[in-house]
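Trainee: I would like to learn how to read a protein model feature by feature. Could we go through one together?
Mentor: Gladly, let us open it.

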Amino acid sequence: MTQAFQPSSMAGYTLPVYEYRRPPELSTNEIALYPVVVVGAGLAGLTAALELGSRGIRTVILDDDNTVGASGLSSRGICYAKRSLEIFGRFGVAERIRAKGVTWNEGEVYRGEQRMYRFNLQPERDQKFPAFVNLQQFYVEQFLVERLQGVESVDLRWRNKVVSVRNDAEAVLVGVETPEGSYTAKAQYVLAADGGHSAVRELIGAQDEERSFYEDRWCIADVKMHVDDETRRSEAIRRAYLDGIPTQGGAIWYHQMADGIWRTDWQIGHLPEADAETTPERATERLRKLLGPGVRFELVWVGPWRFKKRLLQRFVHGRIAFAGDAAHEHSPFGARGGNSAIQDANNLAWKLALILQGKAHPDLLQTYEAERHYAARDNTENATRSAIFIGPATGGQRLFRNAILDLAQRHEWARAWVNVGRLSVATTYADSSLNRERGAFESRSAAPGAAAPDGRFGGGFFVEQLQGQFTVAFFGARGGAVDAKTVVVSEAYDVLWKRYGVPAEGATYVFRPDGHVLARCSGIDAVFAGEAIQAVLDYRSGGTSRMSTQDPVAQRMTQPEMDRLYDDLAVLVDHTPGPERERVLARLVIVLAQEVGSYPKIKQAISTATSEK
Ligand SMILES: Cc1cc2nc3c(=O)[nH]c(=O)nc-3n(C[C@H](O)[C@H](O)[C@H](O)COP(=O)(O)OP(=O)(O)OC[C@H]3O[C@@H](n4cnc5c(N)ncnc54)[C@H](O)[C@@H]3O)c2cc1C
């Protein structure tokens with residue numbers, strides 16, 4: 001993100017200011033030992049502190065600032081995914097987010113001014129949370145801070161800046177600067193959640209696996225609209241404009257947040273005077289073109305931004321674990337940054353708590369590395385491919401993007417190729433070494449490693465049963481005793497039975513404390529459940545901490561494969577000189593026709609391709 005621009009003449013956002021309190025170390029001059037020190041009170045750090053605090057783990061959380069949001073950047077994330085809401089639901093924070101924010105499941109894709117199609121991210125009903133709630137990020141952080149105020153085991157210290165870190169075998173020494181002087185704290189474990197400019201990362205010299213800076217430039221203009229309630233309700237959808245007219249071909253994002261404020265986001269890098277495009281005057285001009293003359297609005301915040309792609313080689317360095325932007329950064333298309341920071345914290349905290357309570361071996365931390373590094377690679381790839389689709393940089397990319405848009409205008413199947421942001425969903429840890437399965441199940445969406453599918457249960461929803469501890473669900477009949485929370489899901493809950501693919505003889509599902517499926521077997525078997533849980537507690541690293549990014553079960557082309565193919569085709573065109581290009585493409589068609597091996601299908605394909613002119 002480049003520097004923010006927040007003119008004093010605008011309404012702007014008013015952020016809360018939190019009080020600095022003298023840390024005890026400055027009075028005692030002693031080095032206290034804490035189970036966990038969290039560096040950074042952003043989405044990752046605050047979520048981790050809540051998760052740890054709820055398990056009674058004494059946690060100190062340090063932030064160099066005295067407010068929410070990273071300094072000066074009041075307008076950042078807005079879209080909070082179903083999975084994040086489920087994680088926050090355990091603490092009552094999701095309800096506040098939902099009440100304040102704007103719920104949406106549907107989006108629209110435009111080409112120029114023409115609406116191409118509308119999509120629904122969550123067609124399956126009967127779930128506690130929607131696909132997304134939009135809310136300014138600082139509100140989410142504020143709600144987390146306020147919730148933490150009631151958690152006794154968490155000590156949140158504002159204006160405490162971490163300036164040194166020593167990672168020893170026995171503990172980590174953390175040097176902290178405050179307005180009243182410096183002190184040192186000792187931690188059994190440190191969570192580095194200090195954002196994209198992570199000081200901890202620099203201090204311990206953690207290496208990146210990938211690092212690049214994107215030149216594509218964007219401008220946020222948050223705008224308060226004076227519209228009636230009906231318009232407001234009908235506009236609770238996300239709109240993506242490709243080839244936008246007010247931006248002379250650049251993309252535009254348009255969606256509503258809290259307080260009657262809309263986030264509009266404008267691709268400006270291709271414009272001749274990109275810098276000048278971030279002034280309130282230019283932003284107003286563009287908005288006027290987009291909204292038409294009759295709409296009354298005022299700017300709340302305008303600012304330019306760019307994005308980086310960066311991924312740490314390893315997330316766990318001895319007793320220090322990295323989470324959120326400190327561990328991985330990528331384009332915001334798909335709303336994967338904050339949502340994955342929240343999932344990182346949720347994955348890490350229960351494992352750390354079990355280790356600190358002496359119930360699990362420290363090797364369990366390696367499964368955080370494996371699962372969340374995999375998630376970060378997946379998120380980075382998805383976010384990067386979306387950025388390429390939205391802002392094609394080469395002739396080949398543009399050629400195939402336009403071909404996809406031509407087809408998508410008329411054919412529903414082609415819409416899966418349109419990549420205006422693959423929106424954040426829960427990561428499935430399909431290859432996690434913690435997973436166990438016995439018996440054949442039809443439901444892949446409830447396979448070990450997946451986040452628990454939801455559905456109505458009792459007077460509420462199934463996800464409400466998963467409250468941060470190991471949970472066993474017996475589908476069919478009560479099983480024997482097991483050292484975990486147990487629930488029985490009778491056949492009357494047919495939607496849940498279907499979502500979990502329960503066979504006629506019933507099934508036993510075991511859930512991890514983070515709400516992901518740990519294990520499943522057909523039939524009612526408490527012994528199987530107990531063994532699956534014990535295996536987590538006894539977990540020892542086999543030395544390999546990488547999870548494969550390949551989907552081992554997929555038969556058809558997956559969405560990431562489609563996105564990769566788009567890239568490959570663009571490269572093919574870009575790297576084949578002009579006169580050769582047509583011949584290469586013709587040869588490709590022949591090879592593909594041979595592979596398809598069906599004359600009627602190929603005839604149909606020819607007709608589809610030629611009728612899109
Ligand atoms: C334009 C834009 C739109 C976005 N949209 C979305 C979206 O819709 N949905 C989504 O999920 N994500 C979105 N993101 C990404 C999201 O904002 C980030 O991924 C998220 O803020 C990461 O949270 P974090 O806790 O890892 O880091 P941060 O939020 O950066 O928090 C880090 C904290 O560490 C503190 N800190 C830093 N150094 C120190 C130190 N030395 N000592 C103590 N404290 C320190 C900082 O003050 C800060 O409070 C967007 C980002 C941008 C730029």
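Predicted model: local features only at pLDDT ≥ 70, side-chain atom pairs only at ≥ 80, totals over all residues.

Trainee: Which residue is the bridge partner of tyrosine 241 in β15?
Mentor: In general, the strands of a sheet pair through backbone hydrogen bonds, either parallel or antiparallel. Here the partner of tyrosine 241 is isoleucine 252 in β15. That bridge belongs to a pairing of β14 (residues 238-242) with β15 (residues 252-256), antiparallel over three bridges.

Trainee: In what order do the strands of the open sheet with mixed pairing stand?
Mentor: Reading across, the seven strands come as β6-β5-β14-β15-β16-β13-β17. The edge positions go to β6 (114-120) and β17 (296-305); each has a single partner strand, so one side of each lacks a neighbour in the sheet. On average, and ignoring direction, neighbouring strands here are turned by 15° against each other.

Trainee: Which helix lies across β13, β15, β16 and β17?
Mentor: That is α8 (residues 280-291), which runs at about 125° to β17.

Trainee: What is the order of the strands in the open sheet of three?
Mentor: The order is β12-β18-β21, with antiparallel pairing. Its edges are β12 (208-213) and β21 (328-329), each with a single partner strand, so one side of each has no neighbour in the sheet. Between β12 and β18 (residues 308-312) there are five bridges in the antiparallel sense. Among the residues facing each other, aspartate 208 stands opposite leucine 312 in β18. Helix α10 (residues 365-390) lies across β18 and β21, at about 165° to β18.

Trainee: Now helices. At what angle do the axes of α2 and α9 cross?
Mentor: The axes of α2 (residues 43-54) and α9 (residues 337-356) cross at roughly 30° and come within 8 Å. Angles under 35 degrees count as roughly parallel, and α2 and α9 are therefore roughly parallel to each other. Their crossing is right-handed. Residues making the contact include Leu43, Ala48 and Leu52 on the α2 side, and Ala341, Leu348 and Trp350 on the α9 side.

Trainee: How far apart are the axes of α10 and α14?
Mentor: They are 10 Å apart, and α10 packs against α14 (residues 559-575) at an angle of about 45°. The two helices are therefore oblique to each other. Here α10 passes α14 in a left-handed crossing. The contact is made by Glu381, Asn382, Arg385 and Ile388 of α10 with Pro560, Asp563 and Asp567 of α14.

Trainee: Is strand β27 largely enclosed or exposed?
Mentor: The general idea first: in a regular strand the side chains alternate between the two faces of the sheet. So we look at both sides, with a residue counting as buried if 20 or more other C-beta atoms lie within 10 Å of its own. In β27 (residues 507-511), five of the five residues are buried, so the strand is largely enclosed by the rest of the structure. Ala507, Tyr509 and Phe511 are buried on one side, and Thr508 and Val510 on the other.

Trainee: Which strands does β27 join through five bridges?
Mentor: One is β25 (residues 471-475), running antiparallel to β27, with alanine 473 opposite tyrosine 509. Another is β28 (residues 517-522), also antiparallel, where serine 522 is the bridge partner of alanine 507. The hairpin of β27 and β28 has five residues between the strands, and glycine 515 in it takes a positive phi near 85°.

Trainee: Where is lysine 128 placed?
Mentor: Look in the loop between β6 and β7 (132-134). Lysine 128 has 18 C-beta neighbours inside 10 Å, so it counts as partly exposed. Valine 463 is 335 residues away from lysine 128 in sequence, but their C-alpha atoms are 7.6 Å apart. Beyond its sequence neighbours up to four places away, lysine 128 touches Gly89, Asp454, Phe461, Val463 and Glu464.

Trainee: To step back, how many helices and strands are in the protein?
Mentor: There are 16 helices and 28 strands. The radius of gyration is 25 Å, close to the 25 Å from the globule rule for 613 residues, so the protein is as compact as a globular protein of that length. Buried residues make up 46% of the 613.

Terms used:
Residues numbered from 1 in each chain as written. Pairing = 2+ DSSP bridges. Helix = DSSP H or I, 4+ residues; strand = E, 2+ residues; numbered from the N terminus. Contact = placed C-beta atoms within 7 Å. Axes fitted to C-alpha atoms, helices over the stretch in contact; angles between N-to-C directions. Rg over C-alpha atoms; globule rule 2.2 N^0.38 Å. Buried ≥ 20, exposed ≤ 12 C-beta atoms within 10 Å, placed from the backbone. Parallel < 35°, antiparallel > 145°, perpendicular 65-115°, else oblique. Left-handed = near helix turned anticlockwise from the far one by under 90°.
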